[in-house]
Amino acid sequence: MVKKTIKSTIFEDTESLYDLALSYMNGNGVERSPETAFELYTKAAALDYAPAIHNLGMCYKDGTGVAQDLSKALELFQRAAKLDYGLSMHAIGAMYYFGDGVDQNFPKAVKWFKESAEKNCPEGQNALGVCYDHGLGVELNHTSAVYLYRAAAKKHNDWAIYNLAVSYDQGTGVKKNAKKALDLYRSAAEKGLASAQNDLGVALMRIDRDTEAADWFYKAAENGCAQARYNLAVNYYKGKGVRKDYETAMILFKQAGEEGFAAGWHDLALCYFHGTGAEKNLDSAIFYIEKAAALGLDSSIKLLEVFKAQQEKDDKQDIPGLLS
């Protein structure tokens with residue numbers, strides 16, 4: 001009886017430390033302080049509390065509250081994994097998947113994702129599903145991917161809900177079902193997932209719900225989705241779901257390009273070439289098409305040659321419209 005009481009007290013103390021650390025990390029009821037959260041995670045981790053060990057590893061991985069140290073992060077994830085903590089098994093797999101602090105190794109990533117999935121960890125189930133979906137470290141199997149996405153989606157994993165939506169949208173591993181895909185995109189989008197917000201917009205455009213689509217493109221763009229910013233630019237350019245406004249379209253094309261979305265630079269170049277939203281300016285058109293070409297966009301590489309030929313010959317050629 002005494003031993004049980006002592007263990008219970010220690011467990012409650014570790015949970016209290018952990019909960020307090022979460023409050024400082026997220027600024028819930030206290031002023032946000034990642035450094036204080038790191039100290040509290042360290043104390044709880046010293047008591048072998050797996051969630052605290054994992055979150056301490058995340059601090060080292062992301063450089064939150066402490067200098068980034070990927071080796072230390074991996075060490076902590078491995079320690080929590082030995083305590084059967086599925087989320088840390090997923091974290092180890094993710095490090096091998098992305099090559100963070102270790103050599104990229106998809107088979108090793110799959111090994112850890114499988115162990116995580118076996119612990120019913122939704123992050124592990126979703127990640128393993130992605131590997132099956134793309135044949136990374138394991139034989140391509142869309143059906144297995146869908147099975148895993150469903151399992152993780154039932155546990156309300158946002159990315160699994162989104163990936164399941166893509167499966168229904170494309171008909172991979174499951175019969176194509178546009179309505180089901182739309183519902184799942186919406187579910188993930190309402191949770192704030194930018195990729196889902198963008199793809200929901202795309203799905204809505206296909207059924208001529210342009211105004212609603214533009215709203216979702218805007219939300220996704222605000223959440224950092226460059227493709228959504230580009231899609232919103234196209235809406236302004238064509239006047240779909242929003243008023244036609246070439247100048248706004250040009251601003252958004254430029255922002256999308258600055259965020260690494262090559263089509264943004266490409267279509268901005270075409271705006272300067274055609275004089276939509278700005279005066280015609282072949283030099284500016286070449287400047288921006290070079291940016292798109294530098295990102296490897298084939299259509300931009302070809303168009304660059306056409307632009308340069310025209311610059312040399314001053315001979316107007318037939319130039320295509322926007323990519324979308």
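The expected span of a helix is 1.5 Å times one less than its number of residues. With that in hand, welcome to a quick tour of a predicted model. Helix 9 has 13 residues and spans 19 Å between its first and last C-alpha, close to the 18 Å expected at 1.5 Å a residue.

- At the start, a side-chain oxygen of N157 comes to within 3.2 Å of the backbone nitrogen of W159.
- Just past the other end, G171 adopts a positive phi of about 70°.
- T172 sits in the loop that links helix 9 (158-170) to helix 10 (178-190).
- With a relative accessible area of 18%, T172 counts as buried, because the cut-off is under 20%.
- Leaving aside residues up to four places away in sequence, T172 touches H142, V146 and S167.

- Helix 17 (residues 298-313) has 16 residues and reaches 23 Å from first to last C-alpha, close to the expected 22 Å.
- Its buried residues are S300, L303, L304, F307 and Q310. They share one side of helix 17 because they cover an arc of only 130° around the axis.
- Helix 15 (262-274) and helix 16 (282-294) are included in what covers them.
- Turned away from that buried side, the opposite face carries the exposed D298, K302, E305, E312 and K313.

Methods:
Residues numbered from 1 in each chain as written. Predicted model: local features only at pLDDT ≥ 70, side-chain atom pairs only at ≥ 80, totals over all residues. Heavy atoms only, no water. Helix = DSSP H or I, 4+ residues; strand = E, 2+ residues; numbered from the N terminus. Buried < 20%, exposed > 50% of the residue type's maximum accessible area, 1.4 Å probe, protein only. Contact = heavy atoms within 4.5 Å. Arc of directions from axis to C-beta. Polar contact = N/O pair within 3.5 Å; in protein donor to acceptor, adjacent residues only side chain to side chain.
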